[in-house]
Amino acid sequence: MADRIETGWLFDFYGPLLTERQRDMLSLYCEEDFSLSEIAAQEGISRQGVYDAVHRAQRQLEEYERQLGLLARYRRMTQGLRQALSALSGAPGDQAAQARAILTRLLSEEEGSDGL
């Protein structure tokens with residue numbers, strides 16, 4: 001399950017770099033939570049064919065992350081924003097309130113309405 005979640009994160013960042021067919025299969029696998037057999041039935045190929053395609057796409061996503069590091073950077077940035085917000089949570093004054101408001105806005109923009 002953790003592997004599927006991590007693949008979903010990578011797919012969100014690097015999915016546009018995959019072929020349309022890879023995107024379709026990974027979307028079914030990660031976002032729609034289809035089994036390999038369900039994807040095979042829908043795509044009209046063998047379960048082994050789906051397995052190979054999904055795992056090849058996963059390896060490609062991992063390679064993009066290794067080279068570009070966008071997901072790691074995103075995680076560091078949002079963690080830093082949370083830590084800064086936490087550090088300011090008890091600080092009094094207008095400047096601290098403004099800083100909290102800015103950090104809260106930045107976090108909500110980064111995470112979006114769907115938690116990303």
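**Ground rules.** I number residues from 1 along each chain as its sequence is written. Since the model is predicted, I keep local features only at pLDDT of at least 70 and side-chain atom pairs only at pLDDT 80 or more, while totals for chains, interfaces and linings use all residues, and side-chain values rest on heavy atoms, with hydrogens and water left out.

**Entry 1: α5 and α6.** I took helices as DSSP runs of H or I with at least four residues, numbered from the N terminus. Helix α5 covers residues 70-88 and helix α6 covers residues 94-111. I found them packed at an angle of about 155°, with their axes 9 Å apart. The axes are lines fitted to C-alpha atoms over the stretch in contact, and angles run from 0 to 180 degrees between N-to-C directions. I therefore noted α5 and α6 as roughly antiparallel (angles over 145 degrees). Their crossing is left-handed, that is, the near helix is turned anticlockwise from the far one by less than a right angle.

Next I looked up contacts, meaning heavy atoms within 4.5 Å. On the α5 side I listed Y74, M77, T78, L81, R82, A84, L85 and L88; on the α6 side, A96, A99, R100, L103, T104, L106, L107, E110 and E111. I sorted this contact into 11 nonpolar, two polar and four charged residues. Here Ala, Val, Leu, Ile, Met, Phe, Trp, Tyr, Cys and Pro are nonpolar, Asp, Glu, Lys and Arg charged, and the others, Gly among them, polar.

**Entry 2: the core.** Which residues have the most contacts inside the largest nonpolar core? I found L18, L26, Y29, V50, V54 and L61, in a core of 20 residues. Such a core joins buried Ala, Val, Leu, Ile, Met, Phe, Trp, Tyr and Cys residues through side-chain atoms within 4.5 Å; buried means under 20% relative accessible area with a 1.4 Å probe, protein chains only. Helices α1 (2-14), α2 (20-31), α3 (36-43), α4 (47-68) and α5 each supply at least two of its residues. The largest share, six residues, comes from α4.

I then followed V50: leaving aside neighbours within four places in sequence, V50 is in contact with M25, L36, I39, A40 and I45.

**Entry 3: Y51.** Buried or partly exposed? I found Y51, in helix α4, to be partly exposed at a relative accessible area of 35% (the class between 20% and 50%). Y51 and P92 lie 41 residues apart in sequence and 55 Å apart in space, C-alpha to C-alpha.

Notes. Parallel < 35°, antiparallel > 145°, perpendicular 65-115°, else oblique.
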